[in-house]
Structures are given as structure tokens and as C-alpha cells.
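Could you walk me through this model stop by stop, telling me what to select next in my viewer and what is there?

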Amino acid sequence: MDGQPTAHTDASVLDRRGLDQLIEVLRARGYRVVGPTVEDSAIVLAELESGTQLPSGWGVTTGPGTYRLRRRDDAAVFGHSAGPQSWKRFLHPPRQHQWSVDRNGAFTAPAPDDRPYALVGVRGCDLAAIAVLRRVLCPDPNADSPTAQRFQQLFVVAAHCTEPGGVCFCASMGTGPAAGPGYDLALTERIDDEHGHRFLVEVGTENGAGVLAEVAHRAAAPAEIDDARYAVSTAAGRMGRTMPDVDLRQLLRAARDADVWDDVASRCLTCGNCTMVCPTCFCTTSEDITDLTGEHAERWQHWSSCFEPDFSHLHGGNVRTSGESRYRQWMSHKLGTWFDQFGSSGCVGCGRCIDWCPVGIDITEEAARLAQGLPADSAEDP
Ligand code: SF4
Ligand code: SF4
């Protein structure tokens with residue numbers, strides 16, 4: 001992925017009704033269609049019964065510790081940047097019932113819900129995050145597990161981004177604004193007086209081509225393709241944030257004793273919001289619960305956070321007792337040791353952790369402070 005739209009010569013165009021029809025076709029094929037919609041004063045991700053639920057005419061204003069819905073002066077449905085939720089909640093659910101057991105020894109495991117998901121409106125940053133999660137959670141992509149099955153059956157309708165937000169920095173992470181590989185169909189939303197509301201459609205897979213064939217569309221004119229490409233490429237220059245252009249893995253490795261950690265800890269509430277909203281944070285813990293009679297017990301898996309005091313509980317004690325050590329662990333893993341474990345950055349530049357940090361701690365700002373505070377030769381391998 002190079003942040004530029006992929007060259008396609010056979011793009012098509014859907015009108016606004018065509019997008020609704022695309023959702024109908026996906027539902028008719030048995031997919032649970034998930035996309036953006038407005039709820040609780042935010043753009044959230046939810047199962048859609050029709051295209052009328054898309055956030056038509058809504059945009060967002062974002063900043064450190066700030067997220068506000070705003071009315072747009074057009075009817076764009078993808079005219080907003082990342083919201084509080086990511087697609088992670090569908091591929092790696094926040095709470096999963098693992099098994100139940102009764103005192104008489106009867107053991108039951110819940111039947112997996114194996115209906116496939118179709119995700120509509122996935123940005124480049126989030127498409128990259130889905131690829132990261134897939135590598136982390138399904139090292140064997142053909143594994144016979146409910147999680148692997150969710151990824152195997154996934155249908156992705158990407159949305160090339162033309163509306164970056166104030167905390168976005170996907171361009172500097174190489175994950176956007178154009179959606180990279182991994183989509184079945186990719187849309188670029190365009191609205192103007194001359195041609196109305198429409199979506200340039202690019203096909204990424206045979207499955208995508210099959211779905212598109214069932215939706216009313218027409219061939220795109222070369223000028224329409226150029227217009228859409230231009231809109232996406234210029235979005236790269238309108239992002240509110242940039243990650244410093246340094247070797248992040250080496251930077252974090254060399255920054256173990258930096259004063260920055262102490263300063264961040266003086267602001268950080270160790271609330272864990274940043275890990276909950278992050279589309280790639282994947283840690284979980286297990287919880288065993290019983291009813292009051294002691295006749296029935298259940299095991300549940302739920303998301304966990306490296307900011308929780310007990311997260312690093314080992315052999316009777318916590319390894320990371322201070323907020324300083326926990327923030328350093330989170331950022332060092334995200335931007336540094338993730339490369340060693342999984343071969344890529346753990347950060348895709350979506351900006352959610354900046355929006356939803358209650359005290360507005362900004363990962364790009366802290367990385368820049370680390371980069372400025374270290375002598376040029378200290379980011380070498382020890
Ligand atoms: S670390 Fe922050 S910006 Fe990076 S992927 Fe996670 S939430 Fe998005
Ligand atoms: S960095 Fe912000 S969101 Fe993350 S734990 Fe600290 S206060 Fe909470």
C-alpha cells in the first residue's frame with residue numbers, strides 16, 4: 001500500500017440508490033451487513049437493514065479528547081472519519097461466552113454464530129487494521145476456528161477516504177487514504193451539481209465482481225476515474241496529524257529511559273480507552289462466573305488492556321506497577337516490538353486513541369517528543 005489509489009481502468013459507477021441496492025444484495029446473499037450509522041451522538045458501526053440507516057449528511061469534528069457530530073451541507077454517507085468503534089468488535093468481539101458447566105458435569109459450548117459479515121465503508125486505515133488482526137489472531141488462515149471462519153467469510157466494501165479528520169495520520173503510516181489490498185469492492189464517494197451523488201466502484205475480487213453484477217451500475221468515464229483519484233490523493237495532504245518519519249522500532253527501543261514517559265504518566269489516567277478503541281489491540285482475559293447456588297458456572301472471554309493493573313500479574317506480583325511503565329509498554333509494543341512479533345506496525349494511523357483519550361494524549365506528539373529528545377545516533381541497534 002502506498003497511500004495512492006490503485007490504478008484501475010474498468011471502474012464502474014453506482015448512484016445513491018445503487019448503494020442501497022448493494023446492501024440489499026449482500027443481505028440477500030446471507031451476509032450480516034455492518035456499516036456506519038448515527039447513534040448516541042456518534043457515528044457507530046451497526047448491523048444495517050437498509051441503506052437508509054447510513055449517516056447521510058453527517059460529518060464529525062475531531063481533536064485530542066474531542067469528537068462531535070456536525071451537519072454537512074451535502075448528503076454524503078462516508079463524509080466522516082473514524083468513530084469510537086472499529087470493525088474489531090465484529091471480528092474479535094468484546095465478550096465471548098466460551099463454555100458452561102453444571103454441577104452434574106454437563107458441559108456445553110455455545111453454538112458459534114457463523115453467518116458471514118459484509119463490512120461496508122471500511123477506510124484504508126481500518127482495512128490495514130483488519131489485516132493486522134488477521135495476522136495476529138489467525139496465524140493459520142485456514143484454521144477451523146470461529147475466529148478464522150469470520151475472516152475467511154468476510155466481504156469488504158472499502159471506502160477510499162476523501163474526508164480525513166483532525167486526528168488522522170494514515171498517510172504517514174502508509175495505510176491510506178486509499179484503501180490497499182484486501183477489499184472485494186472499493187467505493188469513492190463523489191457529489192457535485194453536475195453529476196449528483198455517486199460512487200466510483202473498483203472490484204478487488206471475483207466475489208466482489210459477482211455482487212456488483214447484481215447491482216445497477218454503469219461504466220465510469222475516464223474523467224470520473226481521474227476525479228475520484230484526485231479527491232483521494234489530495235486527502236493525504238489534509239490530515240490533522242503526521243507520525244514522525246523515523247525508524248519507529250529503533251526509536252522506541254532506544255527510548256526505554258526517556259523522560260517523556262514520566263511526563264506522559266503525569267497526565268495519563270490509565271483508563272485504557274486508547275486500547276479499547278484501537279482497531280488492532282487484541283488482548284483478552286478470561287473470567288469464570290457462577291450463579292448464587294453454585295450449580296452453574298460459565299467462562300467468558302473479554303477484551304483486556306495493558307493499562308489494567310492486573311494485566312501484568314505474574315507469579316504473585318505485577319511487573320508494571322506504574323502508569324509510566326504501562327504507557328511505555330503500550331506505545332513500545334504498538335510502534336516497536338509489534339514489528340518483531342507480527343512483521344508490521346501495530347498502529348495504522350486511525351487517530352481513535354487521540355480522540356477518545358479523556359486527557360487528549362496524542363501518540364504522534366509523544367513519538368515526536370521522543371524523536372526530538374534523543375540524540376541522532378541513539379536510535380541505532382544496541
Ligand atoms: S494506536 Fe491509536 S492511531 Fe494507532 S491504530 Fe491504535 S487507535 Fe489508531
Ligand atoms: S493514554 Fe489516555 S486513553 Fe490511554 S490510558 Fe492514558 S488517559 Fe486513558
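Start by selecting Gln 96, His 97, Pro 112, Pro 146 and Arg 150: of the 18 residues lining the largest pocket, these lie nearest its centre. A pocket here is an open set of points on a 1 Å grid over the protein atoms alone, where a 1.4 Å probe fits, with protein on both sides within 12 Å along at least five of seven lines; lining residues have an atom within 4 Å of a point. About 420 Å³ of space lies inside, a volume being the space filled by probe spheres set on the points, which are joined across faces, edges and corners.

A word on the ground rules: this is a predicted model, in which local features need pLDDT of at least 70 and side-chain atom pairs count only at pLDDT 80 or more, while totals for chains, interfaces and linings use all residues. Residues are numbered from 1 along each chain as its sequence is written, chains are lettered from A and ligands numbered from 1 in the order in which they are written, and side-chain values use heavy atoms, with hydrogens and water left out.

Now colour strand S6 (95–102) and helix H4 (146–152), each of which supplies at least two residues of the lining of the largest pocket. Helices (H or I, at least four residues) and strands (E, at least two) are DSSP runs numbered from the N terminus. S6 gives the largest share, four residues. By class, the lining of the largest pocket has eight nonpolar, six polar and four charged residues; Ala, Val, Leu, Ile, Met, Phe, Trp, Tyr, Cys and Pro count as nonpolar, Asp, Glu, Lys and Arg as charged, and the others, Gly among them, as polar.

Next comes the second largest pocket, with a volume of about 290 Å³. Select Met 173, Gly 174, Thr 175, Ser 345 and Cys 347, the closest to its centre of the 20 residues that line it. Helix H3 (124–137) and helix H5 (170–173) are the elements giving two or more residues to this lining, and H3 has the largest share, with four.

Stay with H5 and follow the loop from there to strand S10 (185–192), where Pro 177 sits. The peptide bond from Gly 176 to Pro 177 is cis, with omega near 5°.

Which residues are around ligand 1? Among them are Phe 169, Trp 330, Lys 334, Cys 347, Cys 350 and Cys 353, a residue being near if one of its heavy atoms lies within 4 Å. The shell holds nine nonpolar, two polar and one charged residues.

For the last stop, show helix H9 (residues 260–267) with helix H11 (residues 323–342): they pack at an angle of about 110°, with their axes 8 Å apart. Axes are lines fitted to C-alpha atoms, for helices over the stretch in contact, and angles run from 0 to 180 degrees between N-to-C directions. H9 is therefore roughly perpendicular to H11 (65 to 115 degrees counts as roughly perpendicular, over 145 as roughly antiparallel, under 35 as roughly parallel and the rest as oblique).
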